[in-house]
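Have the viewer open as you read.

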Amino acid sequence: MTRLLLVVSFAILHYVWYVYGQQCDLSPHEARFDCYPEREPTKEKCLARNCCWRIFMNKTNHTKKRATNGDLTVAPFCYYPKDFPTYTVTSSEETDFGQRIRIIKSQTTYMPHDILDLTVDLIYETQQRFRIRMYDTNNKRYEVPLQVPVVEKKVNMTDYEVNFSEKPFAILVTRKSTGTVLFDSSVAPLIYADQFIKFSTRLSSPLLYGFGEHQQPLLINVTNEWKRLTFYTRDFPPMQHINLYGVHPFHINLERTPDNRTSVHGQFFLNSNAMDVDLQPLPALTYTTIGGIIDLYIFTGPTVQDVIEQYWDVIGKPMMPPFWSLGFHLCRWGYTNIENMVASLERMQRADFPIDVQWTDIDAMASFLDFTYDSEHFHGLPEFIRALQADGIHYVNIIDPGISSTQRAGSYFPYDEGLKRGIFMTKFNSTEIILGKVWPGITAFPDFTNPKATQWWTDSAAAFHKIIPFDGMWIDMNEPSSFVDGSQDGCTENSLDNPPFTPHVHGDALRAKTLCPSAQHQLSSHYNLHSMYGYFEAQATNIALRTIRKKRPFVLSRSTFAGSGQFTAHWTGDNQATFDDMYFSIPAILNFNMFGIPHVGADICGFLRDTTEELCIRWMQLGAFYPFMRNHNAIGERDQDPASFSWEAQQIMKQALLMRYSLIPFWYTLHYEASTKSRTIVQPLFSEYLNDTNTYDIDRQFLIGRALLISPNLLPESDVVNAYIPQDVWYEFPLGVKLSNVGLFTDLDAPISKINVHVRGGFIIPMQIPGENLVLGRGNPFLLLVAQSQSGSATGNLFWDDGDSLDSIQTKTYNYLEFSLTNFNKLTINPLVSNYKDSPLRLDLVKILGVDHSVNNVTVNGKPYSNYIYNIPDQILVIYGLDLDMITPSNQTIEWKMLS
């Protein structure tokens with residue numbers, strides 16, 4: 001027994017010596033950085049990496065359980081010691097772009113193929129944008145093929161200050177005006193191996209936004225928790241804690257100063273390999289990627305809009321969508337035949353619902369083959385579509401990337417021609433096509449990084465367009481998704497298919513329900529390019545539509561990457577008909593606006609599971625305020641087009657749709673500002689009220705164009721919404737009554753017939769009388785809703801063109817007007833550009849909110865005008881029957897005099 005005690009004592013003593021010899025200090029557990037992120041960490045595995053092992057004891061002295069599946073839910077048991085081997089500086093030189101540093105590590109660590117010699121470029125790109133690039137000094141590595149600005153000359157003035165330490169090497173970036181830390185890599189060692197790159201930074205606060213695509217609340221708050229987010233495109237119905245369809249490693253971090261002022265900054269990690277981002281309460285974050293290089297952008301803001309503009313300057317501004325795509329879209333998988341589709345559309349039209357776009361899903365294809373239609377079950381489809389188009393309704397069809405490889409030779413143009421042109425992805429180190437399995441069976445996958453694939457894609461679409469004159473293309477399953485893991489023949493045993501570390505992807509393997517990572521594109525391996533597959537397909541589809549239709553393209557893509565908004569819109573995928581999914585759609589559309597894809601929405605009423613009448617009403621009310629509005633559901637589920645519900649439900653949904661359609665000029669102008677001025681279309685409340693801490697976690701309300709506050713009812717069997725009304729001037733929309741209580745949470749009446757919308761003082765909203773669809777209603781009269789600020793001022797604008805031309809913005813073939821209210825009583829209409837003459841811009845009515853004195857005189861362009869009404873209790877002035885041409889060469893004014 002004595003001998004056993006001696007052995008145990010020696011073991012404990014040796015362990016204590018070992019731990020403290022490694023500088024395993026007793027610092028707070030929040031400062032631990034995970035040395036064993038794989039599943040099933042053990043003490044033996046940890047110590048083999050020369051790392052520290054200590055089980056975290058909570059306040060009751062009980063062992064805190066760590067998840068063994070790799071989820072980072074508490075402090076890691078295995079963590080880096082202070083003296084873990086890392087890099088030191090061997091040389092530093094000033095360059096035209098900033099600074100070039102060479103760093104060396106003298107010994108390898110736990111991952112194979114450690115790269116010991118690195119070059120670090122510190123690039124001072126703009127006053128508000130700083131870039132860090134770390135790469136192998138001796139060997140060229142894969143870099144993301146995204147066209148980003150190339151800056152060769154260091155900017156003279158910056159909002160940031162950059163310092164670095166030599167031993168160990170670390171970078172510190174701070175805000176000059178406050179000293180706030182924007183980036184600090186000294187908190188953990190840098191690991192840079194061939195297939196494992198890991199670096200960390202301190203955060204300014206534990207409050208972050210962004211990091212998509214994940215189903216999660218808007219605010220990522222790690223004040224008291226650890227969180228892991230994984231990035232690798234994956235086809236899976238949205239649910240929390242897994243990687244989804246898109247990859248957007250961009251975030252915004254709040255900075256709070258001692259005087260309770262708030263700024264923000266952002267980071268964008270330009271890397272397309274599978275990665276984990278670990279967040280911890282220190283606060284800090286760790287990027288772990290399995291390929292490429294470190295290419296990190298820091299944006300200094302200091303406002304949310306500033307950060308987004310700085311980010312979009314790197315990834316590209318979003319496309320300007322066609323006008324018709326702002327209307328209501330109707331789709332379902334499961335029409336099964338043309339009779340059911342026609343019946344759905346006709347009942348919509350009989351019930352007087354506006355509708356702009358009819359869609360079909362894969363059930364309209366012949367044997368699920370791309371660029372075909374089922375002439376038996378959808379007989380007469382070409383003629384039906386042409387009849388729709390004659391009535392101003394557009395048509396969009398679905399296309400998947402998987403091309404059937406089993407059709408009779410010479411019978412299927414897309415495969416035959418693709419084979420001839422050599423545009424399909426191949427197996428590792430082979431010319432043999434890699435085959436997966438999707439809806440039509442065994443399929444080949446186009447390599448959209450091959451320029452020849454774009455022409456082949458265009459030719460295939462053009463041949464189909466001669467039969468089915470589609471107006472837009474819906475590209476689905478482009479993560480890319482496959483029904484088998486890897487390929488029909490499995491994958492290789494090499495390190496691309498079996499890397500030394502796999503991020504915590506859904507399915508636990510990079511090949512899960514997709515192609516082998518070792519598959520080859522022209523540009524690189526699928527290991528590197530997997531998460532960009534949808535990006536390149538969207539780019540090719542955008543080009544194809546431009547070529548075929550000679551009009552502004554409309555593309556809807558499920559899979560996206562940073563910069564995809566230049567080519568495509570997005571929807572949030574295969575959601576479910578639940579109130580929770582309806583809620584999660586709000587943080588999703590807010591995030592995608594930050595990510596540069598503002599034309600975004602969710603499948604209204606839910607894609608999977610049967611919806612209910614109550615849920616569908618609430619979702620149609622919310623969906624009327626999505627930038628992209630489509631009702632869509634799956635095969636086997638009940639009909640959920642608005643006209644399939646009760647008469648009462650139809651009237652409520654119709655009111656929501658008419659509200660949307662009346663705001664189309666406002667929506668369209670917001671898209672113009674997004675594509676030309678980098679403005680988001682919808683905003684979270686915190687972005688406008690940055691110093692109001694109440695707004696930081698609000699994601700059940702949102703703003704449109706900074707001017708409309710949307711507060712939907714997201715709960716079943718509820719007739720009240722607990723909403724936050726920021727400290728500002730607000731009016732009920734559309735009634736116009738001014739709110740008396742602001743700067744607080746309040747219960748708003750929200751019966752099933754109502755969605756709460758408020759207009760913000762200081763804004764002028766251009767509106768239009770709705771038509772049957774947007775094409776037929778383009779010439780309808782306009783209205784101006786003028787919401788006065790406290791100081792009696794307001795501004796607004798209107799962009800208007802033909803809605804379809806490719807180059808109307810470049811050639812200035814449009815109208816652009818600015819509206820301003822001054823001195824409580826003078827409205828000015830200023831046509832800055834008036835080059836588009838084919839559609840009238842006639843103003844019929846002006847509604848001014850917040851007119852707190854009776855009006856006894858109105859003049860229009862200096863002449864007395866008698867058609868006005870002043871509502872004394874609600875303080876609203878309505879000037880009607882104007883018939884005013886808004887694109888005359890000179891300014892026009894409307895003035896009113898008030899009794900003192």
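## The Cys24–Cys52 link

Cys24 and Cys52 are tied together by a disulfide, with the sulfurs 1.8 Å apart; a disulfide here is a pair of cysteine sulfur atoms within 2.5 Å. The torsion about the S-S bond is -80 degrees, which makes this link left-handed. It bridges distant parts of the chain, 28 residues apart: Cys24 sits in the loop between α1 (2-21) and α2 (43-47), and Cys52 is in strand β1 (residues 52-53). Helices (H or I, at least four residues) and strands (E, at least two) are DSSP runs, numbered from the N terminus. Cys24 is buried at 1% relative accessibility, and Cys52 is buried at 0%. Buried means under 20% relative accessible area, exposed over 50%, and partly exposed in between (1.4 Å probe, protein chains only).

A word on the ground rules: this is a predicted model, so local features need pLDDT of at least 70 and side-chain atom pairs count only at pLDDT 80 or more, while totals for chains, interfaces and linings use all residues. Residues are numbered from 1 along each chain as its sequence is written, and side-chain values use heavy atoms, with hydrogens and water left out.

## The other cysteines

How many disulfides does the structure hold? There are five. Number the bonded cysteines in sequence order and the pairing reads 1-5, 2-4, 3-6, 7-8, 9-10.

One of the five joins Cys491 to Cys516, S to S 2.1 Å. Its torsion about the S-S bond is about -90 degrees, so this disulfide is left-handed. Both cysteines lie in the loop between β26 (472-475) and α8 (526-529), 25 residues apart. Cys491 is buried with a relative accessible area of 17%, and Cys516 is buried with 2%. Then there's Cys605 with Cys616, sulfurs 2.0 Å apart, where 80 degrees about the S-S bond gives a right-handed link. Cys605 is in the loop between β30 (603-604) and α11 (613-623), and Cys616 is in helix α11, 11 residues away. Cys605 is buried, at 0%, and Cys616 is also at 0% and buried.

Cys331 is buried, at 2% relative accessibility.

Asp692 lies in the loop between α14 (685-688) and β33 (702-704). It is buried yet has no salt bridge, and the nearest side chain of opposite charge, Arg256, is 8.2 Å away. For a salt bridge you'd need a side-chain nitrogen of Lys or Arg within 4 Å of a carboxyl oxygen of Asp or Glu. On charges, Lys and Arg count as positive and Asp and Glu as negative; His and the chain ends are not counted.

What does the side chain of Asp692 make a polar contact with? The side chain of Tyr724, at 2.5 Å. The Asp692 side chain also reaches the backbone nitrogen of Asn694 at 3.0 Å. A polar contact is a pair of N or O atoms within 3.5 Å; within protein, one must be able to donate a hydrogen and the other to accept it, and residues adjacent in sequence count only if both atoms are side-chain atoms.

## A three-stranded sheet

Three strands line up as β23-β25-β24 in an open sheet with antiparallel pairing. β23 (403-404) and β24 (435-438) stand at the edges with a single partner strand each, so one side of each has no neighbour in the sheet.

β23 and β25 (residues 441-444) pair over two bridges; strands count as paired if DSSP finds at least two bridges between them. Ile403 has Ala444 as its bridge partner in β25.
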